[in-house]
Amino acid sequence: MITFDATYDPADDKLRLRASSRLDAETYTKVKGVGFAWAPKQDLFYAIWSPAREDLLVALAGEIGR
């Protein structure tokens, strides 16, 4: 089972999503579909905050930390 860690940094207005393992195709499609990009050096997905992106991270991770 994949676990997720979601954070928001108000300094740069970005949401970040870390997963414990590679995303399955359905989750990857959802994450990319709302506009997240992959940052390979940081090993995470990131995007500027939006309501739809926040909703997706809450659905995946349960809560968004700082």
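Thr7 is buried, with a relative accessible area of 16%; buried means under 20%, exposed over 50%, and partly exposed in between, for a 1.4 Å probe and protein chains only. The model is predicted, so local features need pLDDT of at least 70 and side-chain atom pairs pLDDT 80 or more, while totals for chains, interfaces and linings use all residues. Residues are numbered from 1 along each chain as its sequence is written, and side-chain values use heavy atoms, with hydrogens and water left out.

**Exercise 1.** Locate Thr7 and list its contacts.

Solution. 
- Step 1. Thr7 belongs to strand 1. Strands are DSSP runs of E with at least two residues, helices are runs of H or I with at least four, and both are numbered from the N terminus.
- Step 2. A contact is a pair of heavy atoms within 4.5 Å. Not counting residues up to four places away in sequence, Thr7 touches Lys14, Leu15, Arg16, Arg18, Ile64 and Gly65.
- Step 3. One of these, Gly65 in strand 5, is the bridge partner of Thr7.

**Exercise 2.** Give the strand order of the sheet and describe the pairings of strand 1.

Solution. 
- Step 1. Two strands pair if DSSP finds at least two bridges between them. The sheet is open, has five strands in the order 3-4-2-1-5, and its pairing is mixed.
- Step 2. Strand 3 (37–39) and strand 5 (64–65) are at the edges with a single partner strand each, so one side of each has no neighbour in the sheet.
- Step 3. Strand 1 pairs with strand 2 in the antiparallel sense over six bridges, and with strand 5 in the parallel sense over two bridges.
- Step 4. Ala6 illustrates both pairings: its bridge partner in strand 2 is Leu17, and it stands opposite Ile64 in strand 5.

**Exercise 3.** Describe how the helices are placed on the sheet.

Solution. 
- Step 1. Axes are lines fitted to C-alpha atoms, for helices over the stretch in contact, and angles run from 0 to 180 degrees between N-to-C directions.
- Step 2. Helix 1 lies across strand 1, strand 2, strand 3 and strand 4, and runs at about 30° to strand 4.
- Step 3. Helix 2 packs on the sheet and touches strand 1, strand 2, strand 4 and strand 5; its direction makes about 25° with that of strand 2.
- Step 4. A residue of helix 2 to examine is Leu56, which is buried at 13% relative accessibility. Leaving aside neighbours within four places in sequence, Leu56 is in contact with Lys30, Val31 and Val34.

**Exercise 4.** Identify the members of the largest nonpolar core that touch the most other members, and the elements that supply it.

Solution. 
- Step 1. A nonpolar core is a set of buried Ala, Val, Leu, Ile, Met, Phe, Trp, Tyr and Cys residues joined through side-chain atoms within 4.5 Å.
- Step 2. The largest such core has 13 residues, of which Leu17, Val31, Phe36, Phe45 and Leu57 touch the most other members.
- Step 3. At least two residues each come from strand 1 (4–9), strand 2 (14–19), strand 4 (44–48) and helix 2 (51–61). Strand 1 gives the largest share, three residues.

**Exercise 5.** Classify the aromatic pair of Tyr28 and Phe45.

Solution. 
- Step 1. Rings of Phe, Tyr and Trp (its six-membered ring) pair if their centres lie within 6.5 Å; planes under 30 degrees apart count as stacked, over 60 as edge-to-face and the rest as tilted.
- Step 2. The structure holds two aromatic pairs. For Tyr28 and Phe45 the ring centres are 6.2 Å apart and the planes are at 65°, so the pair is edge-to-face.
- Step 3. Tyr28 is in helix 1 (residues 25–33) and Phe45 in strand 4, 17 residues apart, so the pair links distant parts of the chain.
- Step 4. Tyr28 is partly exposed at 40% relative accessible area, whereas Phe45 is buried at 7%.
- Step 5. Tyr28, Trp38 and Phe45 form one aromatic cluster.

**Exercise 6.** Find residues other than glycine with a positive phi.

Solution. 
- Step 1. Most residues other than glycine have a negative phi.
- Step 2. Asp13 has a positive phi of about 60°. Asp13 sits in the turn of the hairpin of strand 1 and strand 2, which has four residues between the strands, and is partly exposed at 29%.
- Step 3. Asp43, in the loop between strand 3 and strand 4, has a positive phi near 60°.
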